[in-house]
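Student: I have a new structure to read, and I would like to understand how its terms are applied. Could we go through it together?

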Amino acid sequence: MSFPAKVMRDGLLEKRSSGLLQLWKKKRCVLTEEGLRLHNCKGRGDAPGSAWSSKAKELLFERMATVDCVEYKRGLVYFTVVMATGKEIDFRCPQDGTAWNAEIALALVRYKNLQAVKSGRKRHLSTAHLGSTGEDEEL
């Protein structure tokens, strides 16, 4: 049974579209322990009656390589999420408060560290188990 991941941050980001014009589109972003969920806005994102789609695109940390390319311009922070495939996804957000790029980068490092610890434990347990079978002991 899968439990919903803990929400670490919820708010607005702008994502650059991958189309020809590369327009900035508002997204409701939910940062969890597993990754980043991007919800499209139905209507204008800043309008009072605008709603967010329930369908979300997920950028999972297991497929993410790094958060890169931080630039500060005119009160905005521009950054790039680089996926393991090499695909780059550009974002921007207001510079006030804790920047999204820092929170995403920290969550990514936390996730990768946890995976490394789990992998190390598994490796340690499997070698300890193999050692206790007596198969490699001399008579």
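The conversation below takes up terms one by one and sets values against definitions.

Tutor: Before we start, note that this is a predicted model, in which local features need pLDDT of at least 70, side-chain atom pairs count only at pLDDT 80 or more, and totals for chains, interfaces and linings use all residues. Residues are numbered from 1 along each chain as its sequence is written, and side-chain values use heavy atoms, with hydrogens and water left out.

Student: Why is Leu 20 called exposed?

Tutor: A residue is buried under 20% relative accessible area, exposed over 50%, and partly exposed in between (1.4 Å probe, protein chains only). Leu 20 has a relative accessible area of 85%, and therefore counts as exposed. Leu 20 sits in the loop between strand E1 (7-16) and strand E2 (24-32), and together with Leu 21 and Leu 23 forms a nonpolar surface patch of about 400 Å².

Student: Why does Arg 16 count as partly exposed?

Tutor: The relative accessibility of Arg 16 is 27%, so this residue counts as partly exposed. Arg 16 belongs to strand E1, and the C-alpha atoms of Arg 16 and Ile 89 are 7.3 Å apart, although 73 residues separate them along the chain.

Student: What is Arg 16 in contact with, leaving aside its neighbours within four places in sequence?

Tutor: Contact means heavy atoms within 4.5 Å, and on that basis the partners of Arg 16 are Gln 22, Leu 23, Trp 24 and Asp 90.

Student: How many aromatic pairs does a search of the whole structure find?

Tutor: The search finds three aromatic pairs. The ring centres of Trp 24 and Tyr 78 are 5.7 Å apart and their planes stand at 70°, so this pair is called edge-to-face. The definition asks for rings of Phe, Tyr and Trp (its six-membered ring) with centres within 6.5 Å, and counts planes under 30 degrees apart as stacked, over 60 as edge-to-face and the rest as tilted. This pair links distant parts of the chain, with Trp 24 in strand E2 and Tyr 78 in strand E6 (residues 76-83), 54 residues apart.

Student: Are Trp 24 and Tyr 78 buried or partly exposed?

Tutor: Trp 24 is partly exposed, because its relative accessible area is 22%, whereas Tyr 78 is buried, because its value is 18%.

Student: Why is the pair of Phe 79 and Phe 91 called stacked?

Tutor: Their ring centres lie 5.6 Å apart and their planes are at 20°, so the pair is stacked. Phe 79 lies in strand E6 and Phe 91 in strand E7, so the pair ties together parts twelve residues apart in sequence. Both Phe 79 and Phe 91 are buried.

Student: How much of the protein chain counts as buried?

Tutor: Of its 139 residues, 29% count as buried.

Definitions and conventions:
Patches are made of residues with over 30% relative accessible area and no salt bridge: like charges are joined within 9 Å, nonpolar side chains (Val, Leu, Ile, Met, Phe, Trp, Tyr) within 5 Å. Accessible areas come from the Shrake-Rupley method with a 1.4 Å probe; for residues, only the protein chains shown count as cover. A salt bridge is a side-chain nitrogen of Lys or Arg within 4 Å of a carboxyl oxygen of Asp or Glu. Helices (H or I, at least four residues) and strands (E, at least two) are DSSP runs, numbered from the N terminus.
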